[in-house]
Amino acid sequence: MDEEMPMAENGNPDRAPAGAAAPGRPGARRTAPPAYMDSYKEAFVEETAAFVHSYDLAHVTMLGERGILPAETALGVLAGLADMQARGLADCRRAAGGGNHAGEKYLTQALGSEIGGAIGLARSSGDLSAISFRMYARDRVLSLRGGLLSLRGALADFARRHAETVLPGNTHGQHAQPVTAALWAMMLHDALARDGARLAALGTRLNLSPAGAGIMSGTEFPIDRRRIADLLGFDAVVPNTLDAALSHDLEIEFASVLNLLCHTLSRMAEDLFLWTTTEYALIALPDWFIGISSMMPQKRNPDGLQDLRNLSAQSQAVLTMVTGTERGPTGFPIIERRNSDRMLRALAAGIGERLEVLPDLLAEMAVDGARAEDLANAGWASVTDLAGALVRINRIEWRRAHNLVAGFVRDCIARGIGPVEVTAEDFNAYASRSGAQMVTMDDATLTKALDARAFVRRRETFGGPGPGAMEQAIRNAGARMREEEAAIAALRAQFAAAEALLQETVQRTLAAGRFA
């Protein structure tokens, strides 16, 4: 954001002299901006303060090394920043005011304008905003990737425990085919893996340094943009200064990726919410994830799931806000971005908090496997395999078998016969009445075809719910998670090494009293 330094009153030709009456009301005219406007420039942002400070250190180090600032002045600035850090970075920046310019404010208050004013050479508010956003976002992306990895691991553990817990699968809100709790869990695992991959791709685009772009055209001073990038752990430099300063598609991308992630988490919550209803009663939530009615003592309200369901709505609102803010000609949206950035940071933090909780939920949530299997067997969900058996045994085409089984199911429902009670005699009689006298079925084949547990065990196709296929899916997921864990660790090490290099460079320079 382009945070202009406050203009003196007499520097504004449109401003009336102090004390002039405002049109339409008596009294003195305002001579200062209202507090809510001033707060855009002066607000302390906890999440980005440390990143702004690191940029302050890297920028001044580069200026000193390049001889752009006199060595004595640059050393004075670094010493002041080091003192600020030793006294408590957040507290000092908050007390100094000035938003992203808190470093300059603090140095000016402590050491005078000769030192404080020097830090702003060859950079702008645009540099401060752009680089602090990228450093914050890449750090938050790593944190979210780590949270997703923990949740994926919890889902894989859940799948191992419930590899043969049979559930009724639904489409159109109706029983469709039997599935397993493991297949459901690994579905979510794979969806979250895609969310993690989107975050990783975003992280790659974030990790280019915009520093040195100024507000659009860079600077006439011979700065070393690559040096700042190295000291702050960036992979490279954004090559175009106008793009670095005034393109904000990464904010939109961040909001979009978070929106997709929230959709996945909300979808998980929706399924669990349905299964915890009194009518389904397939799962029981731990006490710490529910709320009790103030009037009805028996109620176990799924408060945690309702909170999680709402993430999708929240993220949609943030995406709308961020996208709407970034509309318009290049360089026009400036002040507005403070509001959308605040919402974006709050959403990212909220997602992180929930990712910490969900592995515990999966570990402690109780599943009523017996009831789930009874429901899977009660709704004719396995009759796809009855049609398949007719194809194999009677050598008839699939569509004929499908139509015959559909009519048989309708006939059984009309006669009040359920899938557990039905016999081969019932089927053969229906086939005969329907003109398919040569199509027959035996009891053993029919019973096996209609059993939900046998149904899922037969699904050994790659990616299916069969025990062998599920075991392979969990193993494959483990290998992918180990790769993701290594990638996250490598990036954390890269950023930590850069911060260590920056601090070591500053301390060595101060100790030597000169720049290398």
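## Basis

The model is predicted: local features need pLDDT of at least 70, side-chain atom pairs count only at pLDDT 80 or more, and totals for chains, interfaces and linings use all residues. Residues are numbered from 1 along each chain as its sequence is written, and side-chain values use heavy atoms, with hydrogens and water left out.

## Aromatic rings

A search of the whole structure gives six aromatic pairs. Rings of Phe, Tyr and Trp (its six-membered ring) pair if their centres lie within 6.5 Å; planes under 30 degrees apart are stacked, over 60 edge-to-face, and the rest tilted. Trp-288 and Phe-289 form an edge-to-face pair, 5.4 Å centre to centre with 75° between the planes. Trp-288 is partly exposed because its relative accessibility is 40%. Phe-289 is buried, at 9%. Buried means under 20% relative accessible area, exposed over 50%, and partly exposed in between (1.4 Å probe, protein chains only).

Ring pairs also link Trp-380, Phe-408, Phe-427 and Tyr-430 into a cluster.

## Arginines over rings

Arg-138 lies over the face of Phe-495, 4.0 Å from the ring centre. Arg-309 lies over the face of Phe-273, at 4.1 Å. The criterion is NZ of Lys or CZ of Arg within 6 Å of the ring centre and within 35 degrees of the ring normal.

## Nonpolar cores

The largest nonpolar core has 103 residues; Leu-232, Phe-254, Leu-265, Leu-272 and Ile-351 touch the most other members. Helix 6 (residues 125–161) supplies the largest share of this core, 17 residues. A core is a set of buried Ala, Val, Leu, Ile, Met, Phe, Trp, Tyr and Cys residues joined through side-chain atoms within 4.5 Å. Helices (H or I, at least four residues) are DSSP runs, numbered from the N terminus.

A second, separate core of 24 residues includes Ala-387, Ala-389, Ala-436 and Val-439.

## Arg-145

Arg-145 lies in helix 6. Arg-145 is buried because its relative accessible area is 5%. Its side chain makes a polar contact of 3.0 Å with that of Glu-484. Such a contact is a pair of N or O atoms within 3.5 Å; within protein, one must be able to donate a hydrogen and the other to accept it, and residues adjacent in sequence count only if both atoms are side-chain atoms.

## Helix 20

Helix 20 (residues 467–512) has 46 residues. From first C-alpha to last it reaches 66 Å, close to the 68 Å expected at 1.5 Å a residue. The expected span is 1.5 Å times one less than the number of residues. Just after helix 20, Gly-513 takes a positive phi of about 70°.

Methods:
Helix = DSSP H or I, 4+ residues; strand = E, 2+ residues; numbered from the N terminus.
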